[in-house]
Amino acid sequence: MSVERLAELLRNSNRTVALTGAGISVPSGIPDFRSPGTGLWEKVDPMEVAHISVFLQDPQRFWSYYRPRFGMLADKEPNLAHRALAELEARGMLDAVVTQNIDTLHRKAGSRKVIEVHGTIETGSCWDCKTAYPLARVAEMFDDAGVARCGCGGAVKPDVVLFGEMLPEQAMEEAYALCASADLLLCVGTSLEVYPVAGLPEVTRRAGGRLAIVTMGPTPYDAEADVRLEGDVVEELEALLGAL
Ligand code: ZN
């Protein structure tokens, strides 16, 4: 149950996939918004406001919640845990990153194969005419009511999966296929509690792959994990690179 053991599993794995969640972005200054009492969203329940029905019925309320979040995420930088995964990919030791995060930090860190199963803030799309706009452009599209508006008059929605929306089918299929073919699934910064992503370690296990979990706090897969590291994600992944 150590970094050395994880290094050994990685060296012996032909196909390793990383599965990441909010915990890997916390060292970049992005609070896990599902955790209660995390600053900016203390006073609202994200499940109530970041919901597709709120966007459709009251885009002003939706954007009053989402705009500061959008702005806060835009200027964040990847941390050493993101960079460690990019480094593993560059060394040919990691095939892909499947992430629940919408913050684009894996790609900013240099990871090339990234499956964003909850979408990304990188673009926003007009609900009516479907035109997609890059993040910087969306930031300039707000009307006096604080709603991002397309030239056609439609409200622009960030291309992230809101509560009440399905996960993107293609990304999930890709994630399932990657996890089914992985010799090793390296879970980083995720409590593995939110379905359907929480079912992915089971896909790897059933196909005979191993499981490594690097995250603070318990997960439903702790008993099945071949390696379980509970320290800070940056320190653990730095140590892993050092042990390889
Ligand atoms: Zn439009």
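This is a predicted model: local features need pLDDT of at least 70, side-chain atom pairs count only at pLDDT 80 or more; totals for chains, interfaces and linings use all residues.
Strands (E, at least two residues) and helices (H or I, at least four) are DSSP runs, numbered from the N terminus. Two strands pair if DSSP finds at least two bridges between them. Residues are numbered from 1 along each chain as its sequence is written. Local features need pLDDT of at least 70 and side-chain atom pairs count only at pLDDT 80 or more, while totals for chains, interfaces and linings use all residues; side-chain values use heavy atoms, without hydrogens and water.

**The sheet**

- Six strands form an open sheet with parallel pairing, and their order is β3-β2-β1-β7-β8-β9.
- Because β3 (114–116) and β9 (227–229) are at the edges with a single partner strand each, one side of each has no neighbour in the sheet.
- On average, neighbouring strands are turned by 15° against each other, direction ignored.
- Helix α8 (residues 169–180) packs on the sheet, where it touches β1 (16–20), β2 (96–99), β3 and β7. Contact here means heavy atoms within 4.5 Å.
- The direction of α8 makes about 130° with that of β3; axes are lines fitted to C-alpha atoms, for helices over the stretch in contact, and angles run from 0 to 180 degrees between N-to-C directions.

**Strand β7 and its partners**

- On one side, Ala-18 has Leu-186 of β7 as its bridge partner.
- Strand β7 (residues 184–188) also runs parallel to β8 (residues 210–214), and five bridges join this pair.
- Two of the links to β8 are Leu-184 with Arg-210 and Val-188 with Val-214.
- Five of the five residues of β7 are buried, so the strand is largely enclosed by the rest of the structure. Buried means under 20% relative accessible area, exposed over 50%, and partly exposed in between (1.4 Å probe, protein chains only).
- You can see this on both faces of β7: Leu-184, Leu-186 and Val-188 are buried on one side, and Leu-185 and Cys-187 on the other.

**Helix α10**

- Helix α10 covers residues 233–243, and its buried residues are Val-233, Val-234, Glu-236, Leu-237, Leu-240 and Leu-241.
- These buried residues line one face of the helix, because they fall within an arc of 170° seen down its axis. The arc is that of the directions from the helix axis to the C-beta atoms.
- The buried residues of α10 pack against α1 (3–12), α5 (80–90), β7, β8 and β9.
- Turned away from that buried side is a face with the exposed residues Glu-235 and Gly-242.
- The N-terminal end of α10 is capped by Asp-232, with a side-chain oxygen 3.1 Å from the backbone nitrogen of Val-234.

**Asn-101, a loop residue**

- Look for Asn-101 in the loop between β2 and α6 (105–108).
- Asn-101 counts as buried because its relative accessibility is 8%.
- The side chains of Asn-101 and Ser-25 are joined by a polar contact of 3.5 Å. Such a contact is a pair of N or O atoms within 3.5 Å; within protein, one must be able to donate a hydrogen and the other to accept it, and residues adjacent in sequence count only if both atoms are side-chain atoms.

**Two domains**

- Domain 1 (1–30 + 77–118 + 166–244) and domain 2 (31–75 + 120–160) divide the protein; the bounds come from an automatic or database domain assignment.
- Their contact takes 13 residues from domain 1 and 13 residues from domain 2.
- The C-alpha centres of the two domains lie 27 Å apart.
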